[in-house]
Amino acid sequence: MSQAARDQRIGDIILDLQNISLAFGGVKALTDISFDVREHEIRAIIGPNGAGKSSMLNVINGVYTPQHGEITLAGNKFTKMNSRRAAEMGIARTFQNLALFKGMSVLDNIMTGRNLRMTSGILAQAFRLGSAEREEIAHREFVENLIDFLEIQAYRKTPVGRLPYGLQKRVDLGRALAMEPRILLLDEPMAGMNIEEKQDMSRFILDVNEEYGTTIVLIEHDMGVVMDVSDRVVVLDYGKKIGDGMPDEVRQNPEVIRAYLGASH
Ligand SMILES: Nc1ncnc2c1ncn2[C@@H]1O[C@H](COP(=O)(O)OP(=O)(O)OP(=O)(O)O)[C@@H](O)[C@H]1O
């Protein structure tokens, strides 16, 4: 899809963060951060080590409650977002240090993401009563399609722990996608990957956004890898926002260049 076609797809603001500040004791992890995310957009949050990226992600998914600020998600205002409510409102995430069940198959791992969407109770499922059975079949089909989409058919029955790292990351992506999220948070999706794996992951991020229309917020340390996939980029440094805009604008922002050049921290 061309950038012009992508720009056309991008909709209204779905997530709006206003004046977010978060401190751990005396450590200011985030200071007065505001930015928004538009529907169908790929929005990156980048910054050197300790910039506050993980903290920001954890504010969005309700793991951390900021001392100040407001979050508006799909028109609903929150000063406190908890992780359960975030999940119910369609926020799913992947993890930098994979949260997969290593001994379980690819298929079963992705099904765990789907479980949250199952409505029939355990008892009905145990007895395979009519609607539960139909529901199970529909979920299975969704997951099988996802597996095809992610090109991991050959490993459906393989225990995840036996797969190379890049493929495990793809399974983790599948697990999050199985929730059919409205907003998908990716925690350093390319960290620890070789160049080929990074290229594959970039392609899948773009494909997910295009095929499923999923809004994506990703955090990443490495500026290079996200510039090609992101519509807009927020740059954090020492907990402050120092840049926000299209990748080209951000790349040329002197403050951003300075932060990255001096990025020994
Ligand atoms: N749970 C916590 N308790 C105390 N301090 C924390 C906690 N989490 C983060 N911090 C501090 O907040 C600041 C921001 O950290 P954060 O992990 O959000 O940055 P980051 O940009 O994700 O860094 P990295 O790229 O290294 O993962 C750092 O100074 C960090 O030490």
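Predicted model: local features only at pLDDT ≥ 70, side-chain atom pairs only at ≥ 80, totals over all residues.
Entry 1: I looked up who sits around the ligand and got F24, V27, A29, G47, N49, G50, A51, G52, K53, S54, S55 and H221. Two elements, β2 (27–38) and α2 (53–60), each give two or more residues to that shell. The top giver is α2, with three residues. Sorted by class, the shell has seven polar, four nonpolar and one charged residues.

**Entry 2: K53.** I picked K53 from the shell around the ligand and found it in helix α2. Is K53 buried or exposed? I counted 25 other C-beta atoms within 10 Å, and 20 or more is enough, so K53 is buried. Leaving out residues up to four places away in sequence, K53 touches I45, G47, I219 and L236. I also checked K53 against R156, 103 residues apart along the chain: their C-alpha atoms are separated by 33 Å.

**Entry 3: the sheet.** Next I traced an open sheet of six strands, in the order β6-β7-β8-β3-β9-β10, with mixed pairing. Its edges are β6 (91–93) and β10 (240–245); each has a single partner strand, so one side of each has no neighbour in the sheet. On average, neighbouring strands here are turned by 20° against each other, ignoring direction.

**Entry 4: inside the sheet and across it.** I zoomed in on β3 (residues 42–46) and β9 (residues 232–237), which pair in the parallel sense over four bridges. For A44, the bridge partner in β9 is V233. Last, I found helix α11 (residues 254–261) lying across β9 and β10, at about 125° to β10.

Methods:
Residues numbered from 1 in each chain as written. Near = placed C-beta within 6 Å. Nonpolar A, V, L, I, M, F, W, Y, C, P; charged D, E, K, R; others polar. Buried ≥ 20, exposed ≤ 12 C-beta atoms within 10 Å, placed from the backbone. Contact = placed C-beta atoms within 7 Å. Pairing = 2+ DSSP bridges. Axes fitted to C-alpha atoms, helices over the stretch in contact; angles between N-to-C directions.
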